[in-house]
Amino acid sequence: MSRFTQMLATGYSVSINAAEEASRFGVPAVDIEHVFLALVIDDGTAGQVLRRAGITLDAARKAVAEQHREHLSSIGVQAELPGDGRIRFLEQGGIDWTDRALNLVSRAGGKHKSGDATAVLRELLAEPSGTVDELLERLGTSADEVREQLDEAATIRARTAAPARRLGRTHTVFVPSPPSEVWALVSDAARLPEWDPTLETVTTDGELWVGTAHTTRPDGKPLRLRADTARLIVERISAADHRVEWRFTFPDAPGANQRSAIVTLEEAAGGSQVTVDFAWIRGSGPRGLRRVVAPLARLIARPVVGIALWFQVVNLASGISRAMR
Amino acid sequence: MDSTQVAQAAADTADPRAGLRAVASLRTLADALELRQVEAALREGMTWQQIADALGVTRQAVHKKYARRIDPTIEVPRRTT
């Protein structure tokens with residue numbers, strides 16, 4: 001991935017994770033403490049530095065809740081934030097950002113700054129309200145300590161992702177559960193709908209696994225979908241040593257591209273590093289006259305295909321992370 | 001703590017730095033509670049207009065703020081007039 005797409009992918013997962021954390025607390029806007037929680041499960045340097053300082057997602061969530069509780073009780077209010085600890089489905093635009101959280105994230109992408117999760121963490125450490133300082137103290141560390149660790153880590157060259165397949169993209173996330181638990185999720189066909197957001201059900205007739213795609217959004221509105229791709233065959237090509245390869249084919253649309261997803265797990269401090277390698281494998285393609293113009297159409301569509309692939313791989317990886325939180 | 005004590009504690013200005021941050025937490029709590037109550041009201045079948053009246057704002061304001069934020073499984077009343 002180029003630096004720009006990596007930055008885009010990181011920004012996208014950080015903001016989704018932050019919004020999901022906010023929704024768990026039942027608050028309608030993402031604030032800086034939710035950005036902090038999102039960084040605790042970041043797969044890059046920022047997350048690694050925080051986790052090396054002994055911060056787990058559970059401990060960080062508790063610290064956020066405790067901090068609110070204590071602030072409120074200092075002015076005589078005995079109350080908890082009303083969230084039920086469940087991540088809610090978030091409609092596009094369904095959650096707001098507070099001004100300070102939004103400003104902080106855009107500052108991280110400012111001139112001479114990388115805009116990645118590390119830059120966001122640096123902004124958080126310099127945040128003037130004291131919220132993050134206090135959180136870090138509750139978690140047994142301090143802003144200065146984390147900053148030092150970041151400076152140290154900056155000298156280590158970032159691991160570059162393995163080259164993606166043709167018509168494919170790779171994305172890595174950190175998941176706060178041990179590889180054995182993540183493996184039980186990602187290697188089981190029946191559990192695919194828990195993390196592949198496009199699948200509604202996966203059932204078996206004894207030999208084949210058959211999946212159905214969602215035809216409505218979670219709020220009941222119909223999804224625009226090709227009718228002949230609503231049913232798909234799910235095959236597990238291989239599964240060993242914490243690496244599983246899934247293949248999805250569309251029996252009603254032989255010309256359509258097949259989808260392939262390879263999920264690889266590695267042990268990481270406090271959880272697992274999960275890499276999703278997602279690719280389209282060309283089907284037989286269109287017939288007749290459309291076949292003649294297909295190469296040109298592909299050339300024109302190339303940028304759009306890139307974005308679509310990127311979107312799908314990030315959604316799969318986020319799906320695994322969400323299912324384990 | 002009864003309401004008089006709450007008022008006293010909230011009005012304690014000995015440590016304004018802590019006091020200000022506590023007020024920020026209070027605002028977050030108020031926002032979260034408002035969302036929760038709006039959802040409960042819609043589930044009970046109240047209209048946007050009734051919710052707006054109770055909150056003391058316009059129907060447009062409450063709809064704009066919450067239409068996309070509420071739990072998507074809630075059946076939202078359509079305006080009949």
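The domain assignment of chain A gives two parts, domain 1 (3–154) and domain 2 (168–323). The model is a predicted one.

Taken over C-alpha atoms, the centres of domain 1 and domain 2 of chain A are separated by 29 Å. Domain 1 of chain A puts 17 residues into the contact, and domain 2 of chain A puts in 15 residues. On the domain 1 side, the elements that give two or more residues are helix 1 (3–24) and helix 3 (45–52) of chain A. Helix 1 of chain A gives the most to this side, with six residues. Sorted by class, the side of domain 1 of chain A that touches domain 2 of chain A has seven nonpolar, four polar and six charged residues.

**The sheet**

Strands of a sheet pair through backbone hydrogen bonds, and the pairing can be parallel or antiparallel. In chain A, seven strands form an open sheet in the order 3-9-8-7-6-5-4, with antiparallel pairing. Its edge strands are strand 3 and strand 4 (199–204) of chain A, each of which pairs on one side only. From one strand to the next, the twist averages 25°. Helix 11 of chain A packs on the sheet and touches strand 3, strand 8 and strand 9 of chain A. The direction of helix 11 of chain A makes about 25° with that of strand 3 of chain A.

| Strand pair (chain A) | Sense | Bridges |
|---|---|---|
| Strand 3 (residues 168–175) and strand 9 | antiparallel | eight bridges |
| Strand 8 and strand 9 (residues 271–281) | antiparallel | 11 bridges |
| Strand 7 (residues 243–249) and strand 8 (residues 258–268) | antiparallel | six bridges |
| Strand 4 and strand 5 (residues 209–213) | antiparallel | five bridges |

Individual residues can be followed across these pairs. Arg247(A) stands opposite Ser260(A), which belongs to strand 8 of chain A. Ser260(A) in turn stands opposite Ala279(A) in strand 9 of chain A. Thr264(A) has Thr275(A) in strand 9 of chain A as its bridge partner. Another residue of strand 9 of chain A, Val276(A), has His171(A) opposite.

Is strand 9 of chain A largely enclosed by the rest of the structure, or largely open? Eight of its 11 residues are buried, so strand 9 of chain A is largely enclosed by the rest of the structure.

**A pair of helices**

Helix 2 (residues 32–40) and helix 4 (residues 57–74) of chain A pack with their axes 9 Å apart, at an angle of about 170°. An angle over 145 degrees counts as roughly antiparallel, and helix 2 and helix 4 of chain A are therefore roughly antiparallel to each other. On the helix 2 side of chain A, the contact is made by Glu33(A), Phe36(A), Leu37(A) and Val40(A). These meet Leu57(A), Ala60(A), Arg61(A) and Val64(A) in helix 4 of chain A. The residues of this contact between helix 2 and helix 4 of chain A divide into six nonpolar, no polar and two charged.

**Arg322(A)**

Arg322(A) lies in helix 11 (residues 289–323) of chain A. Is Arg322(A) buried, exposed or partly exposed? A residue needs 20 or more other C-beta atoms within 10 Å to be buried, and 12 or fewer make it exposed. Arg322(A) has 18 within 10 Å, so Arg322(A) is partly exposed.

Arg322(A) and Asn17(A) are 305 residues apart in sequence, yet 8.4 Å apart in space, C-alpha to C-alpha. Leaving aside neighbours within four places in sequence, Arg322(A) is in contact with Glu20(A) and Ile87(A).

**Chain B**

Chain B has four helices and zero strands. Along the sequence, its pattern reads α-α-α-α. How many of the 81 residues of chain B count as buried? The share is 19%.

Technical notes: Residues numbered from 1 in each chain as written. Chains lettered and ligands numbered in written order. Predicted model: local features only at pLDDT ≥ 70, side-chain atom pairs only at ≥ 80, totals over all residues. Pairing = 2+ DSSP bridges. Axes fitted to C-alpha atoms, helices over the stretch in contact; angles between N-to-C directions. Parallel < 35°, antiparallel > 145°, perpendicular 65-115°, else oblique. Contact = placed C-beta atoms within 7 Å. Nonpolar A, V, L, I, M, F, W, Y, C, P; charged D, E, K, R; others polar. Domains from an automatic or database assignment.
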